[in-house]
Amino acid sequence: MIDVYMWSTTNSRRATVGLEEAGLQYTIHPININEGEQKTPEHTARNPYQKVPVIIDSDGPGGPGGAAAASVWRGASANSASTISRVMTSWL
Ligand SMILES: N[C@@H](CCC(=O)N[C@@H](CS)C(=O)NCC(=O)O)C(=O)O
């Protein structure tokens, strides 16, 4: 299961576009950075840098932001989508 903690920002959208293009299922959990929700203890435990996005893949690789997305994309490319991986890692 992949959980994405995000708000409507460019960096967050990069992560979800990547997941969509890789055909992966995920659940979005809104973190309103305008209200400081990225600084709560719960979110800080997910990402000590207190940023969005955070992707947590409870079945495999996980971690904060672009690095986690790249990891998801590399996983997808190992199966079928090497072009997707090349294009998307160029966005990071
Ligand atoms: N390189 C990081 C950048 C993340 C980032 O800067 N996120 C911003 C929103 S686009 C954020 O969480 N800002 C809230 C804050 O700095 O308090 C990534 O891609 O994950």
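Leaving aside its neighbours within four places in sequence, which residues is V4 in contact with?

Tutor: Happy to. A quick note before we start: this is a predicted model, so local features need pLDDT of at least 70, side-chain atom pairs count only at pLDDT 80 or more, and totals for chains, interfaces and linings use all residues. Residues are numbered from 1 along each chain as its sequence is written.

Now your residue. Setting aside neighbours within four places in sequence, V4 is in contact with A15, T16, Y26, I28, H29, P53 and I55; contact here means C-beta atoms, placed from the backbone, within 7 Å. Take T16 from that list: T16 sits twelve residues from V4 along the chain, and their C-alpha atoms are separated by 7.9 Å.

V4 counts as buried because it has 22 C-beta neighbours inside 10 Å. The cut-offs are 20 or more other C-beta atoms within 10 Å for buried, 12 or fewer for exposed, and partly exposed in between, with C-beta atoms placed from the backbone. Of the chain's 92 residues, 27% count as buried.

V4 lies in strand 1. Strands (E, at least two residues) and helices (H or I, at least four) are DSSP runs, numbered from the N terminus. Strand 1 pairs with strand 2, residues 27–30, in the parallel sense over four bridges; pairing requires at least two DSSP bridges between the strands. In strand 2, P30 is the bridge partner of M6. To get from strand 1 to strand 2 the chain goes through helix 1, and this β-α-β crossover is right-handed: with the strands pointing away from the viewer, the path from the first strand over the helix to the second runs clockwise.

V4 also belongs to the largest nonpolar core, ten residues made up of V4, Y5, M6, A15, L19, A22, I31, V52, V54 and I55. Such a core is a set of buried Ala, Val, Leu, Ile, Met, Phe, Trp, Tyr and Cys residues joined through C-beta atoms within 7 Å. Strand 1 (2–6), helix 1 (10–21) and strand 3 (54–57) each supply at least two of its residues, with the largest share, three residues, coming from strand 1.

P53 is in the loop between helix 2 (41–46) and strand 3, and the peptide bond to P53 from V52 is cis, with omega near 0°. Q50 lies in the loop between helix 2 and strand 3 too. Phi of Q50 is near 60°, a positive value in a residue other than glycine, and Q50 is partly exposed, with 17 other C-beta atoms within 10 Å.

Notes. Two residues are in contact if their C-beta atoms, placed from the backbone, lie within 7 Å.
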